[in-house]
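The numbered points below may be read alongside the sequence and the model.

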Amino acid sequence: MTKLNIKNCARCKKIFVPTSGEKICPECRAADLEMEEHVKAYVRDHPGITVNELIEGSGAPAKLVWRMIRQGQFENSGLKGASYPCANCGKLITRDNYCSECLGKLKQNAQKFAKAMDSKRRAAEKKSQTFSDSMYDALDSSRSH
Ligand SMILES: [Zn+2]
Ligand SMILES: [Zn+2]
């Protein structure tokens, strides 16, 4: 039986059916998109403003503005002060959560981790194989007697 996948919108608490793991309902998402367009237009209309001026002037939530910055939506827009510390080393960056160096390291670690998991899984498979083989041996020998 498949369980109906429903969720409470993280913002308006309304129940909705997420299609790909979203946390907010389609209406809130649409409102967000509208706000994003408004913010983008504000930056276009006010060349050279800073992030703080943008947040104050456009009335957009700081969280939304910073999310847009992280997504790289203001690259080459001339928005000033759109940098924040890398979540790992604290170096100032302008998009994503990590600087390119840390991203490279994280990728390497992820690969190492995947490899480690893989060899662990293989070892476990081998073990279960040996186990079932010896079980069959035992069965065979009990049958032949
Ligand atoms: Zn909602
Ligand atoms: Zn870093």
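1. A nonpolar core is a set of buried Ala, Val, Leu, Ile, Met, Phe, Trp, Tyr and Cys residues joined through C-beta atoms within 7 Å. A residue counts as buried if 20 or more other C-beta atoms lie within 10 Å of its own. In this predicted model, the largest such core has 10 residues in all: Val39, Val43, Ile49, Leu54, Val65, Met68, Ile69, Phe74, Leu79 and Ala82. Helices α1 and α3 each supply at least two residues of the core, and the largest share, three residues, comes from α3. In soluble globular proteins, nonpolar side chains tend to be buried together.

2. The overall architecture may be stated briefly. The chain contains four helices and four strands, and from the N terminus on these elements follow the order β-β-α-α-α-β-β-α. Of the 145 residues in the chain, buried residues make up 10%. Among contacts between residues at least 6 apart in sequence, 28% join residues at least 24 apart.

3. Confidence should be kept in view when the model is read. The chain averages a pLDDT of 89, and 86% of the residues score at least 70. Confidence is highest in α2, at a mean of 97, and lowest in helix α4 (residues 100–144), at 81.

4. Which residues of helix α3 are buried? In this helix, which spans residues 62–70, they are Val65, Met68 and Ile69. Seen down the axis of α3, these buried residues fall within an arc of 105°, so they line one face of the helix. They pack against α1 (26–45) and α2 (51–58). Just after α3, Gly72 takes a positive phi of about 80°.

5. Val39 belongs to the largest nonpolar core. With its neighbours within four places in sequence left aside, Val39 is in contact with Leu54, Ser58, Ala60, Val65 and Met68. Leu54, Val65 and Met68 are likewise listed among the residues of the core, and Val65 and Met68 are among the buried residues of α3.

6. Two residues deserve attention for their backbone angles. Most residues other than glycine have a negative phi. Asn76, although not a glycine, has a positive phi of about 65°. Asn76 is found in the loop between α3 and β3 (84–85). Is Asn76 buried or exposed? Asn76 is exposed, because 6 other C-beta atoms lie within 10 Å, and a residue is exposed if that count is 12 or fewer.

7. Asp96 also has a positive phi of about 65° without being a glycine. Its place is in the loop between β4 (92–93) and α4. With 14 other C-beta atoms within 10 Å, Asp96 is partly exposed.

8. Tyr98 lies in the loop between β4 and α4. Tyr98 is partly exposed, with 18 other C-beta atoms within 10 Å. Which residues does Tyr98 contact, leaving aside its neighbours within four places in sequence? They are Cys86, Ala87, Asn88, Leu103 and Leu106. Tyr98 and Arg70 are 28 residues apart in sequence, and their C-alpha atoms are 9.8 Å apart in space.

Definitions and conventions
Residues are numbered from 1 along each chain as its sequence is written. Chains are lettered from A and ligands numbered from 1 in the order in which they are written. The arc is that of the directions from the helix axis to the C-beta atoms. Two residues are in contact if their C-beta atoms, placed from the backbone, lie within 7 Å. pLDDT is the predictor's confidence in each residue, from 0 to 100.
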